[in-house]
Every structure is written in structure tokens, then in C-alpha cells.
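Q: Could we go through a structure feature by feature, with the general idea given before each case?

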Amino acid sequence: MAASRVYCLALAAWMAGFGGGCQNWAKPAPGSVGSLFGSPSSEVQQASAEEPAPPGPKETVVTAAALAAASQPDSKENRKDEEDSGFALDALAPSNLIKKVKELAGYGPNEEIARAAYEEGQRLFREKKYEEAAKQFATAASRWPDTSLEEDALFWQAESYFFGDRYAAAHDGYDKLLKKYTYSRYLDKAVARQFAIGRYWERFHAAEPHWPITPNLFDKTRPLFDTWGHALKAYERVRLNDPTGPLADDALMAEANAHFIRGRYEDAALNYDMLRTEYPKSEHQKNAHLLGIEAKQRMYQGPLYDGTPLKEAAELADQTLIRFGPTLGPDREKVIEAKNRMIAEQAERDWAVGRYYEKNGYYGAARYYYNMLIDKYPYAPAAARARDRLEQIKDYPAEPPDRLQWLTNLLGPPKRR
């Protein structure tokens with residue numbers, strides 16, 4: 001056990017010395033997501049031509065004694081000594097162990113190195129060397145954590161990925177920033193980038209659809225798998241990262257429309273409902289009502305299935321006519337036609353139930369449903385058919401005869417317990 005812990009600590013120390021990464025990616029092509037936002041932001045300050053090269057990381061040798069001391073097996077005596085000395089068990093958490101090994105390896109917090117890496121990242125960003133800039137910003141963030149410098153570095157690292165057309169890495173970078181700094185001063189720009197990335201992925205999939213499990217091995221602008229699914233995730237992150245921001249309702253509407261286009265009407269209806277209730281002042285309210293009606297109608301599978309979507313669609317049609325009636329224009333007639341069609345469908349459901357009971361000889365139940373149909377939908381086509389059937393079966397017995405009466409008589413009445 002002790003040997004494995006020494007190996008893990010040594011491996012963590014070795015990995016801490018590398019920033020990772022790949023070779024330079026191509027610059028944003030015309031028409032790509034990066035081009036939607038123009039050139040890199042002017043917030044990157046101009047660096048001096050005589051700026052000295054940033055110092056390299058401090059080299060420190062991790063001794064075997066230090067690793068062995070960190071990997072001592074827990075014994076009762078050790079735990080007792082730790083408790084007596086006030087040792088915190090949180091120090092054994094993997095994240096804290098990695099931090100400790102980084103410090104031993106000379107890669108712990110260092111403001112001087114972090115600021116030098118940040119300045120170098122700015123210079124590389126201005127030169128459009130986005131891959132190298134991302135590495136420098138990553139170094140700056142890791143060498144001076146929990147500071148405003150880390151917040152700046154995380155944002156510019158994501159920006160470097162964005163303008164380098166590595167949209168999946170950029171999306172995750174913005175997400176990492178907003179998870180740690182919920183009220184970041186870069187919030188508006190970060191969610192705008194995530195929304196643009198989601199748009200690009202959705203439109204790319206519409207133009208070149210692929211199976212979700214088809215790997216993407218060459219196009220660095222897309223994720224490895226499931227471009228459409230990642231587009232929905234991008235929309236969702238926009239709404240979750242900034243639920244009251246200017247793009248929250250846009251992202252929810254885009255997600256609903258994406259589901260509608262794919263024929264996933266239940267998911268689309270759910271998102272339209274959320275938009276209507278959570279963003280009552282949204283500019284998408286009218287379309288959310290109209291498309292919500294259509295989505296709920298398409299959810300309905302026939303008279304022998306659940307009629308809840310029909311009922312909700314009819315209620316939504318009433319709400320739409322009340323709220324937007326004067327402004328609907330040509331859509332007003334379409335909503336009225338849809339409502340009448342839904343009323344007719346609901347009447348057909350009652351007709352189908354009445355016919356089922358009639359065919360099985362339960363004329364009392366059939367008469368009940370026919371009468372209810374006539375009362376609820378007196379002008380529906382099914383109501384006229386129900387009146388004809390009521391006239392035909394008005395003298396029929398309420399229930400069919402018991403064809404096993406002879407067996408009941410043979411066995412006698414049931415015994416009381």
C-alpha cells in the first residue's frame with residue numbers, strides 16, 4: 001500500500017511539470033464562430049518591445065525521504081499523534097495531496113511566475129498564437145489560484161481556445177471560469193460565447209447530421225461525439241450560468257426549437273412551458289405559445305392513448321387567444337382552427353369509449369359516454385353520431401346477460417366467512 005502511494009505522489013509531481021497541449025491550430029476561418037465576434041478584444045494591453053522573457057519554473061528535487069514521509073501508512077499511533085497535534089484529515093484529500101506535491105516540486109503558488117506567464121499569454125494572444133497563449137494563461141491560473149489574476153487567466157485561456165477554433169475546449173473553459181467565479185466580471189461575454197458555440201454546433205449538425213456515436217477525429221471545431229447533444233448542453237449552460245441574463249430566454253427558446261425540429265415534441269413542449277412561466281416578459285412569448293400548441297397536438301397519439309396533451313393544448317389555445325388575440329394577425333384563425341380540431345378530437349375520444357362499451361354489450365356505460373359527449377361537445381360531428389346510437393340502444397339492457405349463470409347455479413351461492 002505504501003509503495004502505491006509513493007508511486008501516485010511521484011506521478012502527480014511528474015505530471016505537474018507539464019502544461020500539456022497540442023500544436024498550433026489554424027486561425028479562425030471566415031464564417032466560423034470566431035468571426036461572429038470580430039478580432040480579439042482590445043482589453044488585451046499592448047506589451048513593451050523590451051519586455052524580458054518570463055522566468056522559468058523553479059526547479060526543486062523531490063527527495064525520496066519527502067515522498068516516503070508523505071506516504072507513511074496510517075497506524076493507530078500515527079492517527080493519535082495527528083489528533084494530538086491538531087492534524088487535519090482534510091490534508092489527506094487527493095486535491096490537497098496534489099497541491100503539496102506541486103509545492104515540493106517547485107510548482108506551488110508563485111505570483112511572480114504567474115504574472116510573467118499572464119503577460120506572455122497576452123503577447124501571444126495579440127500575435128494570434130492562440131495555442132501557446134492558452135498554455136501561458138493556464139500556467140498563470142495554476143500558479144496564483146483564488147485571485148483576480150486566476151479569474152483573468154481562466155477567461156483569456158477560454159478566449160484563446162475560442163479564437164483558435166477549439167470550441168469544445170473553449171466551452172469547457174468558460175464553464176470552469178463561471179463555476180469557480182459565479183459572479184465573474186466576464187459573465188456576460190462568457191455566456192455569449194457559449195451561446196454562439198451552441199448555435200454553431202446546432203447548425204452544423206443540421207447541415208451535416210451524424211449519429212451521436214460517430215467519432216469526430218479531424219474537425220477541431222466540434223466535440224469528439226454528439227455535436228447536437230453538445231449544442232443542447234451549451235444552451236443549458238447559458239441558462240444555468242446566467243438565469244436572469246439577456247440570453248437566458250434565447251437559449252431556452254433555441255433548445256425548445258431544436259427539440260421540435262428533431263421531432264422530440266414532449267421535450268419541446270416542456271421547454272416552451274418553462275419559457276412561458278419563467279420568462280413572462282420574453283420577446284419569445286408569442287412564438288412559445290403558438291409552437292407549444294403545435295407540440296402538444298403532435299404529442300397526442302390517438303383516442304386510445306392519454307388525452308392530457310389534447311386538453312393542455314386546448315387550454316393553451318384559449319390563453320393564446322386571450323393574451324395575443326389582437327396581435328396574432330393571420331395566426332389567429334389558425335389558433336381557432338386548432339382549438340376546434342382539438343375539441344373534435346376530444347369528442348372522438350368519448351365516442352371511441354362509448355363504442356367500446358356498446359360492442360361488448362355494456363349499453364348502460366355506452367349511454368353514459370354518449371350523453372356526456374353530447375353535453376360537452378354538442379356541435380362536434382361525433383355528437384350527431386352519439387345521438388343516433390342512443391336512439392338505437394335506448395331499450396337495450398344496461399349489462400349483458402350472465403352466460404355462466406348455469407355454473408353459478410351449480411356451485412351455489414358463495415359461503416360467508
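Q: How many residues does helix α15 have, and what distance does the helix reach from its first C-alpha to its last?
A: The model is a predicted one, and in it helix α15, covering residues 330-359, has 30 residues and reaches 44 Å between its first and last C-alpha, which is close to the 44 Å expected at 1.5 Å a residue. Just after α15, Gly 361 takes a positive phi of about 85 degrees.

Q: Which residues of α15 are buried, and what covers them?
A: In general, an α-helix has 3.6 residues a turn, so residues three or four places apart point the same way. In α15 the buried residues are Val 335, Ala 338, Met 342, Gln 346, Ala 347, Asp 350, Trp 351, Gly 354 and Glu 358. The cover over the buried residues of α15 includes α13 (285-299), α14 (308-324), α16 (363-376) and α17 (381-392). One of the buried residues, Trp 351, also has Arg 385 lying over its face, at 4.9 Å from the ring centre.

Q: Which residue forms a salt bridge with Glu 358?
A: The partner is Arg 355, and the closest N and O atoms of the two residues are 3.2 Å apart. Because Glu 358 and Arg 355 are three residues apart in helix α15, about one helical turn separates them. Glu 358 is buried, with a relative accessible area of 7%, whereas Arg 355, at 26% relative accessibility, counts as partly exposed.

Q: How many salt bridges does a search of the whole structure find, and which residues are linked in a network of them?
A: The search finds 25 salt bridges, and a network of such bridges links Glu 120, Arg 123, Glu 127 and Lys 129. Within this group, the side chains of Arg 123 and Glu 127 meet at 2.9 Å, N to O.

Q: Where do Asp 273 and Lys 296 lie, and is each of them buried or partly exposed?
A: The side chains of Asp 273 and Lys 296 meet in a salt bridge of 3.1 Å, N to O. This pair links distant parts of the chain, with Asp 273 in helix α12 (residues 265-278) and Lys 296 in helix α13, 23 residues apart. Asp 273 is partly exposed, its relative accessible area being 24%, while Lys 296 counts as buried at 5% relative accessibility.

Q: How is a pair of aromatic rings described, and how many aromatic pairs are there here?
A: The description of such a pair rests on the distance of the centres and the angle of the planes. With rings counted as paired when their centres lie within 6.5 Å, the count comes to 19 aromatic pairs. One of them joins Phe 195 and Tyr 235, a tilted pair at 5.7 Å centre to centre with 50 degrees between the planes. Phe 195 lies in helix α9 (residues 187-207) and Tyr 235 in helix α10 (residues 227-241), so the pair ties together parts that are 40 residues apart in sequence. Both of these residues, Phe 195 and Tyr 235, are buried.

Q: What angle lies between the planes of Tyr 356 and Tyr 357, and what is their distance centre to centre?
A: Tyr 356 and Tyr 357 form an edge-to-face pair, with 70 degrees between the planes and 5.5 Å centre to centre. Tyr 356 counts as exposed at 52% relative accessibility, and Tyr 357 is partly exposed, with a relative accessible area of 27%.

Q: Which residues form one aromatic cluster, and which charged end sits over the ring of Phe 162?
A: The cluster is formed by Phe 125, Tyr 130, Phe 155, Trp 156, Phe 162, Phe 163, Tyr 167, Tyr 174, Tyr 186, Tyr 200 and Phe 204. Over the ring of Phe 162 sits the charged end of Arg 193, at 4.8 Å from the ring centre.

Q: To finish with loops, is Ser 184 buried or exposed, and is Pro 401 buried or exposed?
A: Ser 184, in the loop between α8 (167-180) and α9, counts as buried at 7% relative accessibility. Leaving aside neighbours within four places in sequence, Ser 184 is in contact with Glu 151, Leu 177 and Leu 178. Pro 401, in the loop between α17 and α18 (405-411), is exposed, with a relative accessible area of 56%. Pro 401 and Tyr 362 are 39 residues apart in sequence, and their C-alpha atoms are 9.8 Å apart in space.

Definitions and conventions: Residues numbered from 1 in each chain as written. Predicted model: local features only at pLDDT ≥ 70, side-chain atom pairs only at ≥ 80, totals over all residues. Heavy atoms only, no water. Helix = DSSP H or I, 4+ residues; strand = E, 2+ residues; numbered from the N terminus. Expected span 1.5 Å × (residues − 1). Buried < 20%, exposed > 50% of the residue type's maximum accessible area, 1.4 Å probe, protein only. Contact = heavy atoms within 4.5 Å. Phe/Tyr/Trp six-rings, centres within 6.5 Å; stacked < 30°, edge-to-face > 60°. Lys NZ or Arg CZ within 6 Å of the ring centre and 35° of its normal. Salt bridge = Lys/Arg side-chain N within 4 Å of Asp/Glu carboxyl O.
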